[in-house]
Amino acid sequence: MVNFNVNGKIALVTGGTRGLGLHCAEALVENGAKTVIITSRKAKACEEAKVQLEELAKKKGNNQCEIISIPADLADEKQCEELFKKINEKIDKLDILVANAGATWGAPLEDHSVSAVKKVLNLNVAAVYHSIQLSVPLLEKAATKEDPSRIIIMSSIISVLSNDSVGTYGYLASKAAVSHLGRNLAVQFAPRHINVNSILPGFFPTKMANGLIEVAGDMMRETNPRGRLGEKEDLQAALIFLCSKQANYINAVELPVDGGAKNNSPASHF
Ligand SMILES: NC(=O)c1ccc[n+]([C@@H]2O[C@H](COP(=O)([O-])OP(=O)(O)OC[C@H]3O[C@@H](n4cnc5c(N)ncnc54)[C@H](OP(=O)(O)O)[C@@H]3O)[C@@H](O)[C@H]2O)c1
């Protein structure tokens, strides 16, 4: 029997207050994490998600699990540094970083400003890089040869596609960029016992994706080989597998969680 878990691990999830980040935080709580730190810009969202995760921990019998929430705008370099100062006051090592916070913008080329592209690239690429850079000293402290620390980058299936019906120029470029960053760092960090893998979700209902799902949801379902959108458990299974001790030899991987949509491109605009 194979039992995938994150027993006793300390994890940080950026953008952990809703959507895919909250799904990840929940999975970590449910599967044995000792400490889960979540962060996003809004203090109220951080507080609400913390309460929700604490209730989940109790319900699942993970009574020792500590939830820490710290608000910060990761796109702001100073706030990102401040966040990690606070994190370093709370923990002395980190087993898992889920670099998930991200944003998108879509508009036809003629109306799509350079500043909108820069804003998306700043959060989806530069802030991911910065979060990883500031996490590495803590990740190294937790890392062992047998059970490396893990960095999970939340990329997207669109990182390997080039069809874009809604003009998400910066977003598509940003996801291809972070996937490449993941491959690059996976090789660099392996001798330091830190594995780096990317998850490539297809369409999942979240605040970010719901607008597009409202307009094109039927088409997405019909053209998806599995006939549906992504569900919370699909992402959670992938995350816990990649973070499990058993997956210690899985490195530099980009794991699609899209029902096979990338092979049937009409459903793969995101
Ligand atoms: N949903 C999908 O179908 C899908 C598909 C492929 C990839 N993804 C990727 O999955 C990740 C999560 O997306 P989602 O769909 O869950 O989006 P979402 O529902 O909009 O959640 C985004 C999260 O990031 C936080 N965030 C946004 N800007 C931030 C900033 N500047 N600093 C810190 N935190 C920030 C948000 O909280 P605040 O507003 O409080 O900051 C929120 O917690 C993204 O990287 C996205 O590209 C999503």
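## Helices α3 and α4

Helix α3 (residues 77-90) and α4 have axes that come within 10 Å and cross at roughly 20°. Helices are DSSP runs of H or I of at least four residues, numbered from the N terminus; axes are lines fitted to C-alpha atoms over the stretch in contact, with angles from 0 to 180 degrees between N-to-C directions. The model is predicted: local features need pLDDT of at least 70 and side-chain atom pairs pLDDT 80 or more, while totals for chains, interfaces and linings use all residues. Residues are numbered from 1 along each chain as its sequence is written, and side-chain values use heavy atoms, without hydrogens and water.

α3 and α4 are therefore roughly parallel (angle under 35 degrees). The crossing of α3 past α4 is right-handed (the near helix is turned clockwise from the far one by less than a right angle).

## Residues between α3 and α4

On the α3 side, contact (heavy atoms within 4.5 Å) involves Glu-77, Cys-80, Glu-81, Phe-84, Ile-87 and Asn-88; α4 contributes His-130, Ser-131, Leu-134, Ser-135 and Leu-138. These comprise five nonpolar, four polar and two charged residues (nonpolar: Ala, Val, Leu, Ile, Met, Phe, Trp, Tyr, Cys and Pro; charged: Asp, Glu, Lys and Arg; polar: the others, Gly among them).

## Helices α4 and α5

Helix α4 (residues 114-142) packs against helix α5 (residues 169-189) at an angle of about 20°, with the axes 8 Å apart. That makes α4 roughly parallel to α5. α4 passes α5 in a right-handed crossing.

Residues of α4 in this contact include Val-117, Leu-121, Val-128 and Ile-132, and those of α5 include Gly-170, Lys-175, Leu-181 and Phe-189. The contact of α4 with α5 has 15 nonpolar residues, three polar and one charged.

Notes
Helix = DSSP H or I, 4+ residues; strand = E, 2+ residues; numbered from the N terminus. Parallel < 35°, antiparallel > 145°, perpendicular 65-115°, else oblique.
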